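Visitor: I would like to learn how to read salt bridges in a structure. Could you show me the model and take me through some cases?

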Amino acid sequence: MAHDPLQGLNPAQREAVLHGEGPLLVVAGAGSGKTRVLTHRIARLIDEEGVSPFEILAITFTNKAADEMRNRVGALVGPVARKMWVSTFHSACVRILRRDGSRLGYPSSFTIYDQADASRLVGYVLRDLNIDSKRLPPRSVHAQISLAKNELRTPEMLAESAGHIMERKVADVYAEYQRRLRAAGAMDFDDLLGVTVELLRTEPEVLASYQRRFRYLLVDEYQDTNRVQNELVIL
């Protein structure tokens with residue numbers, strides 16, 4: 001054992017680290033050691049429970065936080081930590097989609113559009129649909145599309161709930177924007193999550209393979225998850 005995973009923990013932290021099977025939600029204030037609990041729990045699973053690092057998926061919200069967590073786990077259990085998936089939601093989804101996205105018709109080498117690319121494409125769609133970009137600026141429209149995707153709402157769902165003409169126009173732009181992304185073999189950042197949810201919902205074999213592989217899923221800052229991220233966790 002590289003390091004005692006219970007060393008230096010207070011009673012509440014020890015209780016969380018020692019938790020057995022099944023879900024556990026840790027609620028505590030900033031600076032109270034939630035991330036420490038998560039890393040020490042991983043170390044205990046590997047060192048004392050014999051869990052393979054391949055069976056653990058640890059999710060954080062930034063690449064910097066993922067690197068820090070990987071280093072902290074490595075300090076506890078050694079180089080074996082490098083075999084774990086420690087990543088953001090987006091990075092984990094990219095790995096899944098590069099492998100299995102072809103089942104939904106995406107190339108394994110799909111392009112990822114960043115914010116600037118996405119806003120530019122929305123601008124082209126607005127122009128081609130003869131929609132005034134002064135009344136509906138591309139960045140604003142893309143923000144509304146992004147919000148819809150994070151709530152797992154399709155263009156059709158957005159159109160059905162539209163209360164006035166401008167909302168219907170946004171739904172029209174959303175539909176054409178998505179069609180052009182697919183035609184280009186591309187996804188935006190929000191698609192990385194939404195398409196992964198679609199993949200897991202519609203491809204039982206893929207879902208089962210990841211459920212078998214990742215016996216333990218640990219999410220840092222879980223309170224910050226949105227609907228699509230929460231759906232990924234549940235799946």
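Guide: A salt bridge is a side-chain nitrogen of Lys or Arg within 4 Å of a carboxyl oxygen of Asp or Glu. Here the side chains of Arg 103 and Glu 205 form such a contact, at 3.8 Å from N to O. This is a predicted model, in which local features need pLDDT of at least 70 and side-chain atom pairs count only at pLDDT 80 or more, while totals for chains, interfaces and linings use all residues. Residues are numbered from 1 along each chain as its sequence is written, and side-chain values use heavy atoms, with hydrogens and water left out.

Visitor: Which parts does the pair of Arg 103 and Glu 205 tie together?

Guide: Helices (H or I, at least four residues) and strands (E, at least two) are DSSP runs, numbered from the N terminus. Arg 103 lies in the loop between α4 (89-100) and β3 (111-113), and Glu 205 in helix α10 (residues 204-213), so the bridge joins parts that are 102 residues apart in sequence. Arg 103 and Glu 205 also belong to a network of salt bridges with Arg 99, Asp 100 and Glu 203.

Visitor: Is Glu 176 buried or exposed?

Guide: Buried means under 20% relative accessible area, exposed over 50%, and partly exposed in between (1.4 Å probe, protein chains only). Glu 176, at 17%, counts as buried, whereas its salt-bridge partner Arg 179 is partly exposed at 49%. Their closest N and O atoms are 2.8 Å apart. Glu 176 also meets Arg 180 in a salt bridge at 2.7 Å, N to O, and these two residues lie 4 residues apart in helix α8, about one turn.
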